Amino acid sequence: MGPNGREIRDGLNRLVAGTTGLKHDGRFHEPNLDGTAGDYISFDSWEWPQGVGLYGLIKLWLFTDRDDLRQLVEDWYTRRIDAGLPQINVNTTAPMLGLSVLWAKTRDPRWQPVLDDWANRVIAELGRTPEGGFEHHVSDKVNHDELWDDTLYMVALFLASYGQASGRRELVDEASRQFLVHTRYLADPQTGLWFHGWTFDGRHNFARARWARGNAWITAGLLDLFDLADLAIPVKDFLQGVLVAQVDTLLSLQAPSGAWNTLLDDPTSYEEISATAGIGYGLLKGYRLGLGTPAWRDAGLKALQVVMDNIDETGTVGNVSYGTRMGHDLQFYKDIPIQPTGYGQALAILCLSEGLEHVGQEGQPA
């Protein structure tokens, strides 16, 4: 018996409180290239973990129609935009996804000039690899000629969302191109899983790490891409095949607990809950949309349960690995410390929200 609707709603309420209460305690010192302090934890910082967190809150608002959530995120964007936006890179683009989804729903005229300007600058200014992929430039490092799977979630989903909502087809086409180029170099044809990164300097996949959260960005990101924008039929058909190939292997690697290990194919690496939440969300959503078998739903519900088991009384998600740079050996991934983060919170919110679509079936109480 899995969780019921009341338990899931209680978990979601706690997750909101836990997300907005995140604070940097000084444990990680990661200054940005421009000399400013990097804060990848506190809710009020404009960075990629907070961007994913806001997307989770906005998706929860769309699901529940809770005015307090809309007010929370609108106030966040107002404060941050008034304070001045940071330099553009892959990771500072992440908060634009939530803003785009918010604007698509409300059409509030405050947001469109910000979205338009940022989208134009993404196209014109982000570094490119050979074949036109976005280089994984971030606030504290320029990863020259490198493709990372994170980039698709942080940039391409924003272009797809805003392109669809604004009628700017060229942005949807750019998002499609990014998914295709990244698939070419990061999707492992042997297993269907995705490698963390690729470099054109030496043309290799670094440690060939089949890293769990990177794969979660793909499972969740592909399903959200299909929702956010109308893709050309051959592109959508191709990417659905990529998704099914990945999930087929993910199903075989799920631990007895319902979680996935931080290195998917290494059971000696620790079980990691942000990846488990993202993959669980994708499995449940994929089943609901008719892309997967009942095995997707079963594995997704097991993931949902272990995610809920890792939410403490303050609404903080435990056993989440901290932001992970590109590893040059597999041990690097096993040594990443555990730290509550905005993306851990958001992926849990997505997983629980999608879970509400599935309880009440097959004898589960709603």
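Mentor: Let's start with a pair of helices: helix 6 passes helix 7 in a left-handed crossing. Keep in mind that this is a predicted model.

Trainee: Okay. At what angle do helix 6 and helix 7 pack, and how far apart are their axes?

Mentor: The angle is about 155 degrees, and the axes are 7 Å apart. Angles over 145 degrees count as roughly antiparallel, so helix 6 and helix 7 are roughly antiparallel to each other.

Trainee: Which residues of helix 6 and helix 7 meet there?

Mentor: On the helix 6 side, Thr151, Leu152, Ala156, Leu157, Leu159, Ala160, Tyr162, Gly163 and Gln164 take part. Their partners in helix 7 include Arg169, Leu171, Val172, Glu174 and Phe179. Sorted by class, that contact has ten nonpolar, five polar and two charged residues.

Trainee: And what about helix 7 and helix 9, what's their angle?

Mentor: They pack at about 40 degrees, with their axes 11 Å apart. That makes helix 7 oblique to helix 9. The crossing of helix 7 past helix 9 is left-handed.

Trainee: Which residues of helix 7 and helix 9 touch?

Mentor: Ser176, Phe179, Leu180 and Thr183 in helix 7 meet Val235, Phe238, Leu239 and Val242 in helix 9. The contact of helix 7 with helix 9 divides into six nonpolar residues, two polar and no charged.

Trainee: Switching topic: how many residues are in the largest nonpolar core?

Mentor: There are 107. The members that touch the most others are Tyr77, Val122, Tyr153, Met154, Phe158, Leu159 and Leu352. Helix 6, residues 150-166, supplies the largest share of this core, with eleven residues.

Trainee: What does Phe158 touch, if I skip its neighbours within four places in sequence?

Mentor: Phe158 is in contact with Thr93, Met96, Leu97, Ser100, Leu115, Trp118, Ala119, Val122 and Gly163.

Trainee: Which residues of helix 2 meet helix 4?

Mentor: Gly51, Tyr55, Ile58, Trp61 and Leu62 do, and their partners in helix 4 include Pro95, Leu97, Gly98 and Lys105. The residues of this contact of helix 2 with helix 4 divide into nine nonpolar, three polar and one charged.

Trainee: Next, is Asp224 buried or exposed?

Mentor: Asp224 is buried, with a relative accessible area of 0%. Asp224 is found in helix 8, residues 212-228. Leaving aside neighbours within four places in sequence, Asp224 is in contact with Tyr55, Lys59, Tyr153, Leu157, Tyr281 and Lys285.

Trainee: Last one: where is Gly258?

Mentor: Gly258 sits in the loop between helix 9 and strand 5. Gly258 counts as buried, at 0% relative accessibility. Not counting residues up to four places away in sequence, Gly258 touches Thr276, Lys302, Ala303 and Val306.

Trainee: And how far is Gly258 from Ala175?

Mentor: Gly258 and Ala175 are 83 residues apart in sequence, and 32 Å apart in space from C-alpha to C-alpha.

Conventions:
Residues numbered from 1 in each chain as written. Predicted model: local features only at pLDDT ≥ 70, side-chain atom pairs only at ≥ 80, totals over all residues. Heavy atoms only, no water. Core = buried A, V, L, I, M, F, W, Y, C linked by side-chain atoms within 4.5 Å. Buried < 20%, exposed > 50% of the residue type's maximum accessible area, 1.4 Å probe, protein only. Helix = DSSP H or I, 4+ residues; strand = E, 2+ residues; numbered from the N terminus. Contact = heavy atoms within 4.5 Å. Nonpolar A, V, L, I, M, F, W, Y, C, P; charged D, E, K, R; others polar. Axes fitted to C-alpha atoms, helices over the stretch in contact; angles between N-to-C directions. Parallel < 35°, antiparallel > 145°, perpendicular 65-115°, else oblique. Left-handed = near helix turned anticlockwise from the far one by under 90°.
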